[in-house]
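Please keep the sequence and the structure at hand while reading.

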Amino acid sequence: MRRLLASPDFRAGFVEMLPACIGLIPFGLVCGVGASAAGASWLAALGMSAVIFSGAAQILAGQMLAGGAPLAIIVLTCFVLGLRFLMYSAAMAPYLTALPPRWQKALAFLLTDQAFASAIRRFNASNDPHAGAQHFLGAGMALYLCWQVTNMTGYFAGNVIPAAWSLEFAVPLCFLALVAPLLRDMPNVAAAVVAGVAVVVLGGLPMKLNLIAAGVIGIIVGTLADLMKERWTRR
Amino acid sequence: MDATLKLWLVILAVGLLNYLSRLSFIAVFARRTMPPLLARALKYVPAAMLTALIVPMIAADPAAGHALTFNPRIVAAAIAGVVAFYTRSSLWTMGTGMAALWVLQAVS
């Protein structure tokens, strides 16, 4: 453990994540406030951030719990939201095959939107899987620590933050930072636009089912657009 | 169902499913290649799912009574979106988006 903490790759990964951690502070605070608003005990709030470890799923689960949605619908919606981890997992897999299983299991737990983006850059830059894995572990641990601290701070101290700051606006901004850079090709634009329109049009559906419906419609449209684009360019 | 029990069931079920999704191709299906259609569809999960999550958060302004009144959140989000597109930085997106919202709320 001490050897790991002293490794330059681990440290580089940890340090590289610090700006992203600062960007995540408002988001973590809002998640903690959300857990407290949903009536969670401090232990359950810590459970949400430490076990789920996904801001999007935590916010959504909190809102749906407060809205009285059934357990199965909450779990299903969060599962579809988490399908993006399947894609990250597949993209990371080729770089991690050389590692022992316990490393793979630990690194998988720390796979998040932000850590994924950083890890792919790092793995593309060098061929040493162990150095890359230590870098990823450092980045993941920085995010994990920051996430627990900000969530707990939000849970206990959220009520001192003035409402006029509109801190909850940090949540859509966090996702906007992930989505907007994707909008460089036609299928992604189609998926986002259709999902965005569908979620408003279907707003009347109960239990926030409009979210999962709009997401699935957007994924289908994006996939069809991708297939059409490929057929078009092949001619 | 008891609210505390339900909350913990959500934590455990969502946590487990998230972990299995993260682990899937790294460990469980490591020796398999993903079916091409699934790989194609998964590419569009972030754009579709995250947009569906964002839009209601931006469109719903607790201060505005009517749908057609000026909503500073939409303008601030548009500015932040442009910044995110060009900088790809979460810090810059967060900074300009929050600053834009505060300015717009102060002047409107």
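On a 1 Å grid over the protein atoms alone, a pocket is an open set of points where a 1.4 Å probe fits, with protein on both sides within 12 Å along at least five of seven lines, and its lining residues have an atom within 4 Å of a point. By that rule, the largest pocket is lined by 32 residues, of which Asp113(A), Ala117(A), Ser118(A), Arg121(A) and Leu178(A) lie nearest its centre. The model is a predicted one, in which local features need pLDDT of at least 70 and side-chain atom pairs count only at pLDDT 80 or more, while totals for chains, interfaces and linings use all residues. Residues are numbered from 1 along each chain as its sequence is written, chains are lettered from A and ligands numbered from 1 in the order in which they are written, and side-chain values use heavy atoms, with hydrogens and water left out.

**Interface of chains A and B**

- In this interface, 90 residues of chain A are in contact with 59 residues of chain B, contact being heavy atoms within 4.5 Å.
- The buried area, that is, the accessible area (1.4 Å probe) that two parts lose on being put together, summed over both, is about 6500 Å² between chain A and chain B, and carbon and sulfur atoms give 77% of it.
- The rule finds four salt bridges across the interface, each a side-chain nitrogen of Lys or Arg within 4 Å of a carboxyl oxygen of Asp or Glu.
- Arg73(B) and Glu168(A) meet through their side chains in a salt bridge, at 2.6 Å from N to O.
- On the side of chain A that touches chain B, helix α13 (residues 209-234) gives the most, with eleven residues, helices being DSSP runs of H or I with at least four residues, numbered from the N terminus.

**Largest pocket**

- The largest pocket has a volume of about 970 Å³, a volume being the space filled by probe spheres set on the grid points, which are joined across faces, edges and corners.
- Helix α9(A) provides the largest share of the lining of this pocket, seven residues.

**Second largest pocket**

- The second largest pocket has a volume of about 770 Å³.
- Its lining has 37 residues, of which Val30(A), Ile59(A), Gln63(A), Glu168(A) and Val171(A) lie nearest the centre.
- Elements that give two or more residues to this lining are α3, α5 (55-66), α11 and α13 of chain A together with α3 of chain B.
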